[in-house]
Amino acid sequence: MTRRHGCALLSAIMALIVALSAAIYVGVSYVDVPVGDGRTGAKNGGSPGRADAVPASTGVWVGAWSASPSGAEPDTGTNGTAGRSIRNVVHAGVSGTSARITLSNLYGTRPLTVTHASIAVAAGADTAAAATGTMRRLTFGGAASVVVPAGGQRVSDAVALPVPRGGDILVSTYSPASSGPVTFHEEARQISYAADGDHTQDATGTPYKQRDDHWRYLTALDVLSNEADGTVVALGDSLTDGVTSTENADRRWPDALSDRLRTALGTGTDVPRYSVVNAGISGNRVLVDGGSGNPAGNTSGLKRFARDVLARPNVKVVVIDLGVNDILRNEQRADPEAILDGLRELVRQAHARGIKVVGATLMPFQGHPRYTGVREEVRQEVNAGIRSGTVYDAVVDFDEALRDPYNPRAFRPDYDSGDHLHPSDKGYRAMAGALDLDDLKGSAPARL
């Protein structure tokens, strides 16, 4: 072979490698890498429906916010949100340079078509208006529209957006036709908005007249972050969902835990650089679903663990606070060993992915309408199993932290929201304060 022919062959091989690399990049970019800043259209010099390329950023993908799908929104089976814009307001627990979202149609009966979607930083608290210069159009696989199949979900392309830690983020979607029941998270403790017509790119927030206390379709906000190296997922029921916490104030215990981690890092304390996301669903149980249908509403912890924990980005630790509804909602005497075995199965699933598990004892509920002496006995038996060290890698004793020292079957009065089951804002802070931050260090053991 002549030198000239050899050079030609080498050039051809290199060209093939480059082409294959480009094809692979295009195939995965809509899930894994930042592909543009989302500022599209003539105003920004881009092509309609396409994202402008941006340089690769350093950092890792972590969860900045999440909300587990809890069921089908009542009275949406016919029209869903057809012809309306939904502007979800979510709180970013960690900063990032790029962002992506996950949309779910888990409870839809037909494909969900989203023709436009956008993301922006909110101009302030309790507003549908976007901060100046932060509105970005979202794309999916490079296209402005996406079809989310019934029962499925879709992840957007990454978009370059400075996401501030502690800031509210606006995620807007427009669907021209109904997909059947709307997949939603019922207990948001956060006001979001809706408007007639397509106003996904509207930065003023003026068209968004309707205020709603739940999140629709949106189940996750991830960011490319230099501030965190991994994600902590809080898996639980209404106690994690924060149903009695102050609205629009982000005072659930996972929010308080996120604040603790950031504060500790600011003082130079040796704690993990983790974000915290919330996977609480009010009424959730370990063993059985809380609703009917296919899929069932309020899916059990065992069934949703892979979706709501394992599928989150860079999960290092899961904190589990489940079991009280298995006791309260069982008309018979609940089996404490069955509950403990269910919790152990969650731990096995986590360990198979190298995720460490911190588990919580069950808090008291004397004074609640469902309280009985028999149910109290079951709670004590479950807590004894948890404290024995045969369930979790580490234990956070929420029971000890919040119970009344003079009546351990009930909340300490200032930690009680008033319903004798859910904490007050002060109680939620006490829950977060009870967790030893050192327990978040390390990885899952090979065997428990």
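First stop: is R100 buried or exposed? At 9% relative accessibility, R100 counts as buried (buried is under 20% relative accessible area, exposed over 50%, partly exposed in between, with a 1.4 Å probe and protein chains only).

Before going on, note that this is a predicted model: local features need pLDDT of at least 70, side-chain atom pairs count only at pLDDT 80 or more, and totals for chains, interfaces and linings use all residues. Residues are numbered from 1 along each chain as its sequence is written, and side-chain values use heavy atoms, leaving out hydrogens and water.

D222 forms a salt bridge with R100, with the closest N and O atoms 3.3 Å apart (a salt bridge is a side-chain nitrogen of Lys or Arg within 4 Å of a carboxyl oxygen of Asp or Glu). D222 lies in strand 17 (residues 218-225) and R100 in strand 5 (residues 96-104), so the pair ties together parts 122 residues apart in sequence. Helices (H or I, at least four residues) and strands (E, at least two) are DSSP runs, numbered from the N terminus. D222 is buried too, at 3%.

Next, pick R379 and D399. Their salt bridge has its closest N and O atoms 3.1 Å apart, and it joins helix 7 (residues 373-387) to helix 8 (residues 398-402). R379 is buried at 0%, and D399 is buried at 1%.

Then jump to R387 and D397, which meet in a salt bridge at 2.9 Å, N to O. R387 is partly exposed at 36%, while D397 is buried at 19%.

Last, select E376, R379, R387, D397, D399 and R403 together: salt bridges that share partners join them into one network.
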